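Subject: Structure handover

Hello,

Here is the structure I said I would pass on. My notes on it follow below.

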Amino acid sequence: MTVTIQQLIDTLHIKVQHGCDNLNRTVSTSELSRPGLELSGYFDYYSTERIQVFGRTEIAFLQQLPDEKAKDVIKQLCHPEIPAFIMARNLPAPQLLVDRAKEVGIPILQSASKTTSVISNLTNYLETQLAVRESIHGVFIDVYGVGVLITGDSGVGKSETALDLIKNGHRLVADDRIDFYQIDELTLVGEAPAILKNLLEVRGIGIVDVMTIFGASAVKETKKLEMIVHLEMWDGQKIFDRLGNNQETVRIIDVDVPKFTIPVKLGRNLANIVEVATMNYRAKNMGFDATQAFQEKLNQLIEINSGKE
């Protein structure tokens, strides 16, 4: 995946200082560089696939170099594969850099933000856009601030459960297909494809625009995935976990996500069960484990009864 310089400009409100004809150049990595050793002439590990960010320090150092040395450094800085140069704090690029960048076709951009903010904003945006993505069928809901993915076979009641949750004040992130991407070793974020945004399909009714019916507070654009609730039809044969001792996980991209399997049976209020499962998950994360507490009480009771014999 790649991002064009034009997309960066449109999204992050960066200005073009020079090179308006070269904004179709692409960026393929979220890593950025602030030239340091390169300004002194050391280019052995120069990362030519990265956007190069200049702040006060870099520009001031360039300007104090002797002309011949500065020309040599700038010639090497302006490698044809460099996607763009960005000047922080709306600083003007040195003329030598402008001239050489024009020759090679590298755009020079400006941002009003300080250098560290430029790097942070660019990195966050590029990591999101360039991240590996995986699409999963289900319904993604923000329940009590926890990102809950509801999965299950077609017709098991995923969308109907989501509708009840939305009526209870929770927020829809995506229905039918959710695109997940990884932003670090422990975090997955999900969002709806553009064509499905804010929409929920309910059998017998059709497509429902959740934001139109329930308001803007009933939808959320993106959410961190924290748990999966899998709905499975009750068949009387399978033994479901009753104490919570057997924690399942599902691996999505490179992250293991806790999974809870809920049997679907006539008369069960699935929305309430999902809410309780979410609250119980939050309680465990805060240090209270009801299963462990029960087991400790049971062990105490066994010890007391053993002492009476």
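Which residues of helix α4 (residues 95–104) are buried? They are L97, V98 and A101, where buried means under 20% relative accessible area, exposed over 50%, and partly exposed in between, with a 1.4 Å probe and protein chains only. Seen down the axis of α4, these buried residues fall within an arc of 100 degrees, so they line one face of the helix; the arc is that of the directions from the helix axis to the C-beta atoms. An α-helix has 3.6 residues a turn, so residues three or four places apart point the same way. On the other side of α4, Q95, K102 and E103 are exposed. The cover over the buried residues of α4 includes β2, β5 (51–54), α3 (67–77), β6 and β7. Just after α4, G105 has a positive phi of about 90 degrees.

Before the rest, a note on the source: this is a predicted model, in which local features need pLDDT of at least 70 and side-chain atom pairs count only at pLDDT 80 or more, while totals for chains, interfaces and linings use all residues. Residues are numbered from 1 along each chain as its sequence is written, and side-chain values use heavy atoms, with hydrogens and water left out.

The chain as a whole

The chain has nine helices and 17 strands. Helices (H or I, at least four residues) and strands (E, at least two) are DSSP runs, numbered from the N terminus. Of the 309 residues in the chain, 44% are buried. Among contacts (heavy atoms within 4.5 Å) with a separation of 6 or more, 68% are between residues 24 or more positions apart. The chain exposes about 16,900 Å², and carbon and sulfur atoms supply 49% of that area; accessible areas come from the Shrake-Rupley method with a 1.4 Å probe, and for residues only the protein chains shown count as cover.

Five strands form an open sheet with mixed pairing, in the order β2-β7-β6-β5-β4. Its edge strands, β2 (15–18) and β4 (32–33), each pair on one side only. Two strands pair if DSSP finds at least two bridges between them. Strands β6 (residues 85–87) and β7 (residues 108–110) run parallel and pair over three bridges, and F85 has I108 as its bridge partner in β7.

Helix α2 (residues 56–63) has E58, I59 and L62 as its buried residues. Down the axis of α2 they fall within an arc of 95 degrees, so they line one face of the helix. They pack against β5, α3 and β6, while the face turned away from the buried side carries the exposed residues R56 and T57.

Two single residues

A174 is in strand β10 (residues 171–184) and is buried, with a relative accessible area of 0%. Not counting residues up to four places away in sequence, A174 touches G138, V139, F140, E191 and A192.

K158 lies in helix α6 (residues 158–167). K158 is buried yet has no salt bridge, meaning a side-chain nitrogen of Lys or Arg within 4 Å of a carboxyl oxygen of Asp or Glu. The nearest side chain of opposite charge is D153, 7.2 Å away; Lys and Arg count as positive and Asp and Glu as negative, with His and the chain ends not counted. Outside four places in sequence, the residues that K158 touches include H137, G138, I150 and L231.

Regards
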